[in-house]
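Biologist: I have a model open on my screen and would like to learn how to read it. Could you walk me through it, one feature at a time?

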Amino acid sequence: MRTRTLLALSAACLSGVLACGGGGGDGGSPAPNATLTPATLSFGAVTVGQSAALTAQVGNTGTAELSVTAVTACGGSSAAYVIVPTGAFTVAAGASQTLTV
């Protein structure tokens with residue numbers, strides 16, 4: 001059986017593409033706060049020709065709507081990764097959105 005280790009998706013990779021809407025961040029204005037749970041997705045070894053899917057939650061622990069303009073895998077990741085949802089989405093304050101990879 002041939003296996004291939006797939007690269008992990010992490011909060012550090014996502015942080016560059018989360019675009020926050022809302023307040024000015026001066027401490028008094030409402031502002032979103034993006035979180036990713038779990039912080040990493042590790043697919044381990046997946047047999048060549050097979051697939052695996054994992055989920056993560058993009059959360060918003062802030063007080064304003066979080067606008068996510070795009071979600072992409074880390075640089076150097078295989079083009080075979082598909083992250084759903086594929087387009088922009090918003091997360092209300094105190095809510096979360098499931099990502100499937």
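This is a predicted model: local features need pLDDT of at least 70, side-chain atom pairs count only at pLDDT 80 or more; totals for chains, interfaces and linings use all residues.

Biologist: Which elements does the protein chain have, and in what order do they run?

Modeller: Helices (H or I, at least four residues) and strands (E, at least two) are DSSP runs, numbered from the N terminus. Here there are one helix and nine strands, and from the N terminus the order is β-β-α-β-β-β-β-β-β-β.

Biologist: How do I read a sheet, and which strands form the open one here?

Modeller: Two strands pair if DSSP finds at least two bridges between them. In this model three strands form an open sheet, ordered S3-S6-S9, with antiparallel pairing. Strand S3 (34-37) and strand S9 (96-100) are at the edges with a single partner strand each, so one side of each has no neighbour in the sheet. From one strand to the next the twist averages 25°; axes are lines fitted to C-alpha atoms, and angles run from 0 to 180 degrees between N-to-C directions.

Biologist: How many bridges join S3 to S6, and how many join S6 to S9?

Modeller: Four bridges link S3 to S6, and five link S6 (residues 55-60) to S9.

Biologist: What is a nonpolar core, and which residues have the most contacts inside the largest one?

Modeller: Such a core is a set of buried Ala, Val, Leu, Ile, Met, Phe, Trp, Tyr and Cys residues joined through side-chain atoms within 4.5 Å. Buried means under 20% relative accessible area, exposed over 50%, and partly exposed in between (1.4 Å probe, protein chains only). The largest core has 15 residues, and those with the most contacts inside it are Phe43, Val58, Val68, Val71, Phe89, Leu99 and Val101. S6, strand S7 (66-68) and strand S8 (89-91) are the elements giving two or more residues to this core.

Biologist: Where should I look for cis peptide bonds?

Modeller: As a rule, most peptide bonds are trans. In this model a cis bond joins Thr37 and Pro38, with omega about -5°; Pro38 lies in the loop between S3 and strand S4 (40-41). Another cis bond joins Val84 and Pro85, with omega about 10°, and Pro85 is in the loop between S7 and S8.

Biologist: Is Asn60 buried or exposed?

Modeller: Asn60 counts as buried, because its relative accessibility is 2%. A polar atom of the Asn60 side chain lies 2.9 Å from the backbone nitrogen of Gly62. Not counting residues up to four places away in sequence, Asn60 touches (heavy atoms within 4.5 Å) several residues, including Pro32, Glu65, Val91 and Gly94.

Biologist: And where is Ala73 found?

Modeller: Ala73 is in the loop between S7 and S8 and is partly exposed, at 27% relative accessible area. Its C-alpha atom is 9.1 Å from that of Val101, 28 residues apart along the chain.

Conventions: Residues are numbered from 1 along each chain as its sequence is written. Side-chain values use heavy atoms; hydrogens and water are left out. A polar contact is a pair of N or O atoms within 3.5 Å; within protein, one must be able to donate a hydrogen and the other to accept it, and residues adjacent in sequence count only if both atoms are side-chain atoms.
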